[in-house]
Amino acid sequence: MTRYSLHNGFKAVVIGGSAGSFQGIIKILSQLPADFPLPIIMALHRLKHVRHGFVEALSIKSKLKIAEPDDKESIKRGSVYLAPANYHMSVELGNYFSLSTEMMLNNSRPAIDITLSSAAYAYKTKLIGILLSGANKDGGLGMKSIHDRGGVTIVQTPAECMIDTMPKAALSLTKIDYTLGIDQIIDFLKELYHQYK
Amino acid sequence: MIQDIDIKDLKRITDLVYAKHGYDFRNYAMSSFKRRMLRILEVWGLNIESLLNKLADSTIFIDDFLDEMTVNVTEMFRDPGFWRLLREEIIPGVMLNNKQFKIWHAGCSSGEEVISMNIMLHEMGVKENVKIFATDLDKSILDRARSATYSLKNMETNEKNYVRFQGKTALKDYYTEENGRAVMKKDLLSNVVFQKHDLVLGEAFAKFDLVLCRNVMIYFNQALQNEVLKKFHGSLNKYGYLAIGAKESMIWCDYANRFIVVNQEERIFKKIRD
Ligand SMILES: C[S@@+](CC[C@H](N)C(=O)[O-])C[C@H]1O[C@@H](n2cnc3c(N)ncnc32)[C@H](O)[C@@H]1O
């Protein structure tokens, strides 16, 4: 039945999004079961000076617990992590986060490229990267690192995106395994879930 | 462009810098350290071998290396809620015990945090009772801090933060524009000593009533954070306060239980045991 080549050896799902991705993310989170077997790591563009409210907004329909990690917090399955305002968020070898205030990258802090590339380095073939709607090219190089290290790459179908610059940038930079609409991404994650049952 | 550096090569760099120059980056957090090294290679057009050669030969180069290697990004009144809390609770709390007191900004970078502190203390009418030590590893950034001169573009962010801090006037009242730069009024630094100091290999050098070390230890791994917290503990008077960055934690540190949480949201702690 499966359309995707999936197995139960993955360690994490990482999601990047920017302008126009919010509704899609809300929908994805609302459809995932509370015992989703992998950590979900999200780098989303957001206002630098607004520290509060984003987690709450994302949590409304989610059965999973969403949190902005502290520096050096360990990464646990069943949790959704959101890069905090005004910090870059990296995944370290050893399965924990580190935060940094390095200069903005692609005009962004958090920058999607930083989260994706560091996760690619830490998880190698055991990572699934998903890049959604967005207005700049952030995330493209991150998706390339995921592909180069043998992970699975997914972008939101450009035609479905409110702004398609971000997924298009990724498509032009690297091989993308699946180009999917939000509903298909949800199917993908549900199939992934069943691999672990 | 070099895409990635091997852990082995990163280790060669940190080992050499430690042995030859006496700076210890061996326990810095890996991802950000690696990105800084990639940046150095790119900006200076080097590869690993030529970087190692340069570091082995030159004693001048090390200052540039430190300047590039460290992350100096900072803002005035970063996290305005933190500064409001300092004004409304922490500084009054310190003053219950001592009218005269001492503050240490550890990892002060280009000085924005120090300027913010003094603007706040000035507006509270207590600046003259306070002595401030501001330290950093990076010599060049300390020179910039001493000059108290900032780009007008950065002043926009600073101004917005100041408004959210709900300061008494406008940030503009604290600087003049010269040659397209914002030059802070000189007396804003009259009670400040800037000094080079290394949190990793340096010793504690005085006792303080308030220590700020915000967004510095995020560049360290947990083992090093643990050691540095001991130094802060040793640098605080009993019932002194420690402020770390908004997303930093020290619950796993050996000395965590010698502090109590004063405000979890803004990450302010108080030393309660020697
Ligand atoms: C991101 S800045 C923090 C500035 C300010 N405290 C803030 O929160 O906006 C970090 C600073 O820590 C300094 N630093 C890094 N390692 C250090 C060490 N071992 N000893 C002292 N300072 C260090 C860097 O040079 C840099 O200026």
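Tutor: What follows describes a predicted model. Residues from both chain A and chain B surround the ligand, so the site is shared between chains. The shell around the ligand holds 20 residues, and those that come nearest are Tyr28(B), Asn72(B), Thr74(B), Glu113(B) and Asp136(B); by class, the shell divides into 7 nonpolar, 8 polar and 5 charged residues.

Turning to individual atoms, an N or O atom in the side chain of Thr74(B) lies 2.6 Å from an oxygen atom of the ligand, while an oxygen atom of the ligand is also found 3.0 Å from a polar side-chain atom of Asn215(B). A nitrogen atom of the ligand, for its part, has a polar side-chain atom of Glu113(B) at 2.9 Å. The ligand taken alone would expose 600 Å², of which the protein buries 99%.

As for the space itself, a search of the whole structure finds 2 cavities of 30 Å³ or more, and the largest cavity is the space taken by the ligand. The largest cavity has a volume of about 460 Å³ and is lined by 30 residues, with Val71(B), Gly107(B), Asp136(B), Asn215(B) and Val216(B) lying nearest its centre. The elements that give two or more residues to this lining are helix 2 (30-43) and strand 2 (130-136) of chain B, and helix 2 of chain B provides the largest share, 3 residues. Sorted by class, the lining of the largest cavity comprises 13 nonpolar, 10 polar and 7 charged residues.

How values were computed: Residues numbered from 1 in each chain as written. Chains lettered and ligands numbered in written order. Predicted model: local features only at pLDDT ≥ 70, side-chain atom pairs only at ≥ 80, totals over all residues. Heavy atoms only, no water. Near = heavy atom within 4 Å. Polar contact = N/O pair within 3.5 Å; in protein donor to acceptor, adjacent residues only side chain to side chain. Areas by Shrake-Rupley, 256 points an atom, 1.4 Å probe, with all protein chains shown as cover. 1 Å grid on protein atoms, 1.4 Å probe; cavity = no way out; pocket = protein on both sides within 12 Å on 5 of 7 lines; lining within 4 Å. Sits in = over half its atoms within 2 Å of the grid points. Nonpolar A, V, L, I, M, F, W, Y, C, P; charged D, E, K, R; others polar. Points joined across faces, edges and corners; volume = space filled by probe spheres on them. Helix = DSSP H or I, 4+ residues; strand = E, 2+ residues; numbered from the N terminus.
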